[in-house]
Amino acid sequence: MKLLTCPVNGPRPVSEFVYGGEVRVEPPEGCTDREWADHVFNRSGIPGVKIEWWYHMASGTWFHAKRDVTHDRVIATWLPGEAPPAEDTP
Amino acid sequence: MAYQLLRFAASSSHPEPRMFRQPERLRETYDAVIIGAGGHGLASAYYLARDHGMRNIAVLERGYLGGGNTGRNTTIIRSNYLTPEGVAFYDESVRLWQDLATDFDLNLFYSNRGHFTLAHTDSAVRTMRWRAEVNKHLGVDSELVGPEAVKQACPQIDLSCGGEAPILGALYHAPGAIARHDAVAWGYGRGADQRGVEIHQQTEVLGIDVDGGRVKGVKTSRGYVSTPRVLSAVAGFTPRVTHMVGLRTPIFIHPLQAMVTEPMKPWLDAILVSGSLHIYVSQSARGELVMGASLDPYELHSTRSTLDFVEGLAAHMLDMFPFLSHARVNRQWAGMADMTPDFAPIMGKTPVEGFYLDAGWGTWGFKATPVCGKTMSYTVANDRNHPLIEAFGLSRFENYQLTGEKGAASVGH
């Protein structure tokens, strides 16, 4: 993708953004060392559609993006805490 | 004369030589199945057949031989790493490289050029000094040199690098070399094939049969094969394979792009790497400048390459070599890199009996091709990790025992 839609500022060149990795849920407090290591290091790895953290450097906005990581196609972007919108058309 | 040639062509006692056989069908059973006919997979097959007497082996390749990252890297061979386990491992590889062309009776265009890792800041100079001392302590030829040594080796370089971050020194590694990447796959492939190993291209692995925690067989696009041993050596596709056996790993996939210029008269003898400019360059036997930079900054399972990569790399190349402004970029491409959190590979036995991993090779796999073959073949044949790869086990993450190779393995982080 060459453009990414910041939920606050609209479509911007992808060079203005930093990739923050897949959105993942921390294990609960009191988990074992092994469960914690699994959360810290292990990844889903396989291709597909993923929900990711992205950061817009110019505005300091952290947001979610739903992206097909095989074809580099962004499906939707939205702020954390809000509901994901309908499919994005860049 | 024409008649002699025709007779020769039609003669059955001088058949056209082929690099490897193309077996018509898969057998029902193999003693071992290797997934991936790249440098690592074929090297493992070669040493398994040559040194461990295991010849009933199939190497399965979904595409064409050497078409994965073996055919896409920037061919640099070196052992100037940062950790004792890394240095020991890569240095064994450098040693093996030196006799490889003779072993194969094949020209690998292996060329010892000398390797400079340029330092543009004081902290970088300190890191280079640290690496030089670790290397020297372990018997590897590396030293810290000043900018005048860089200029002497490469008179065309602009030491000021456009003014912002001038070259203050470099880690000079005399054994640094380059080689023809495809030839290594062909050499190992032919050697394995001559010893009875079967190479099956256009054969995709669709599933791995695991019963009671132990490998039983492999489902492929051309049928099912039974085997007690599977070695996965598939850069860029590792997560898909580990998913088949239910293994979780830290591996994440990012593209790594590269490009070459048109061929030129030989002018660059050395291999240059710049941590600040995030680029590396060498001049191949064909006269092309082979260049690379850092990973694409996000996960992507694709070998597409981009214009902004070429623009960025070209701009940094011009900082070092302003005279190249008229040189033309001939070709660009990408590979899919198996990245790990500590920039070291994941090798050896796994919790699944009979399933062995040669993965996590990120941006540092080509140089390790021979030592990977040696250590993985030992590991598969003996069902025991080779001593040189003990530090690279999959279990190191759950034990918080990562290696510290980030500073020496790659650029651009």
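This is a predicted model: local features need pLDDT of at least 70, side-chain atom pairs count only at pLDDT 80 or more; totals for chains, interfaces and linings use all residues.
Residues are numbered from 1 along each chain as its sequence is written, with chains lettered from A and ligands numbered from 1 in the order in which they are written. Local features need pLDDT of at least 70, side-chain atom pairs count only at pLDDT 80 or more, and totals for chains, interfaces and linings use all residues.

**Domains of chain B**

Chain B splits into domain 1 (26–110 + 177–251 + 340–399) and domain 2 (111–176 + 254–335). These bounds come from an automatic or database domain assignment. The domain centres, taken over C-alpha atoms, are 28 Å apart.

**Two interfaces**

Contact here means C-beta atoms, placed from the backbone, within 7 Å. Helices (H or I, at least four residues) and strands (E, at least two) are DSSP runs, numbered from the N terminus.

In chain B, 19 residues contact 13 residues of chain A. Helix H7 (238–244) and strand S14 (252–261) of chain B each give two or more residues to that side. H7(B) gives the most, three residues.

Within chain B, 23 residues of domain 1 contact 27 residues of domain 2. On the domain 1 side, strand S3 (76–77), helix H3 (84–104) and strand S8 (177–178) each give two or more. H3(B) has the largest share, five residues.

**Nonpolar cores**

A residue is buried if 20 or more other C-beta atoms, placed from the backbone, lie within 10 Å of its own, exposed if 12 or fewer, and partly exposed in between. A nonpolar core joins buried Ala, Val, Leu, Ile, Met, Phe, Trp, Tyr and Cys residues through C-beta atoms within 7 Å.

The largest core has 117 residues; B:Ile57 and B:Met291 are among those with the most contacts inside it. Helix H2 (residues 39–51) of chain B gives the largest share, seven residues. Both domains of chain B supply at least three residues each. A second, separate core of six residues includes A:Trp54 and A:Phe63.

**Helix H9 of chain B**

H9(B) (residues 369–382) has 14 residues and reaches 20 Å from first C-alpha to last, close to the expected 20 Å at 1.5 Å a residue. Expected span is 1.5 Å times one less than the number of residues. Twelve of its 14 residues are buried, so H9(B) is largely enclosed by the rest of the structure. Just after H9(B), B:Asp383 takes a positive phi of about 50°.

Methods: Two residues are in contact if their C-beta atoms, placed from the backbone, lie within 7 Å.
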